[in-house]
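Hi everyone, thanks for making time.

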Amino acid sequence: MATILVNGMKREVQASGDTPLLYVLRNDLQLTGPQFGCGLAQCGACSVLLDGKEIRSCTTTLTAVGTKEVTTLEGLPARWAHQKGLPAAESEKTLHPVQQAWIEEQVPLCGFCQNGMMIKATELLERNASPSVADIKTAFSTGVSAHLCRCGSYTAIIAAVQFAAMQMKGAAR
Ligand code: FES
Ligand code: FES
């Protein structure tokens with residue numbers, strides 16, 4: 001048994017320490033935003049934030065998570081509400097600006113990769129409020145490995161990141 005911090009809550013799970021975090025999230029905690037794509041840290045479909053840094057949950061063990069905080073796609077609204085000092089209840093009514101931007105720009109095609117795309121966008125915008133197109137391309141194509149979309153939604157992703165950046169800067173005023 002282990003205790004992990006997920007989306008602001010301590011959760012007890014029965015899984016052994018060598019279990020991939022992705023399995024714990026999906027099977028034990030019913031957090032099905034993160035997807036199983038390659039299982040080899042090669043595609044990004046399973047991405048989550050670990051203390052604000054994007055990681056591949058398919059190859060990160062429960063032991064490696066330790067006491068760090070996991071944020072999944074489901075936890076982005078509460079993360080945003082917390083960052084803006086909004087009441088927790090607000091997160092039940094509002095999406096994270098990145099999620100809203102994905103809707104506005106109609107990014108998903110089949111949708112399978114989009115969990116990782118939104119997690120990566122959130123990580124980027126938390127450290128760079130005004131990323132250039134080059135910054136966005138670099139963020140999505142470097143690191144552990146590139147984020148892959150078999151449907152070719154890359155142009156829409158760039159537009160959505162720029163849209164989200166404007167919304168987040170507006171909210172900061
Ligand atoms: S499923 Fe984890 S990177 Fe592909
Ligand atoms: S939207 Fe289909 S894999 Fe990206």
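Let me start with a term: two residues are in contact here if their C-beta atoms, placed from the backbone, lie within 7 Å. Also, this is a predicted model, where local features need pLDDT of at least 70, side-chain atom pairs count only at pLDDT 80 or more, and totals for chains, interfaces and linings use all residues. Residues are numbered from 1 along each chain as its sequence is written, and chains are lettered from A and ligands numbered from 1 in the order in which they are written.

Okay, the overall layout. The domain assignment gives domain 1, residues 2-72, and domain 2, residues 74-172; such bounds come from an automatic or database assignment. Their C-alpha centres are 19 Å apart. The contact involves 22 residues of domain 1 and 19 residues of domain 2. On the domain 1 side, S3 and S4 each bring at least two residues to it. Strands here are DSSP runs of E, at least two residues, and helices are runs of H or I, at least four, numbered from the N terminus. Sorted by class, that side of domain 1 has eight nonpolar, 11 polar and three charged residues. Nonpolar is Ala, Val, Leu, Ile, Met, Phe, Trp, Tyr, Cys and Pro, charged is Asp, Glu, Lys and Arg, and polar is the others, Gly among them.

Now two loops. Asn 7 sits between strand S1 (2-6) and strand S2 (9-13), and its phi is near 50 degrees, positive although the residue isn't glycine. Asp 51, in the loop between strand S3 (47-50) and strand S4 (53-56), also has a positive phi near 50 degrees.

So which of these is buried? A residue is buried with 20 or more other C-beta atoms within 10 Å of its own, exposed with 12 or fewer, and partly exposed in between, with C-beta atoms placed from the backbone. Asn 7 has 22, so Asn 7 is buried. Asp 51 has 12, so Asp 51 is exposed.

On to helix H3, residues 76-83: Leu 76, Pro 77, Ala 78, Arg 79 and Trp 80 are buried there. Their cover includes strand S5 (69-71), helix H4 (97-104) and helix H5 (114-127). After H3 comes Gly 85, with a positive phi near 70 degrees.

Last stop: Ile 158, in helix H7 (154-172). Ile 158 counts as partly exposed because it has 18 C-beta neighbours inside 10 Å. Beyond its neighbours within four places in sequence, Ile 158 is in contact with Val 133 and Ile 136.
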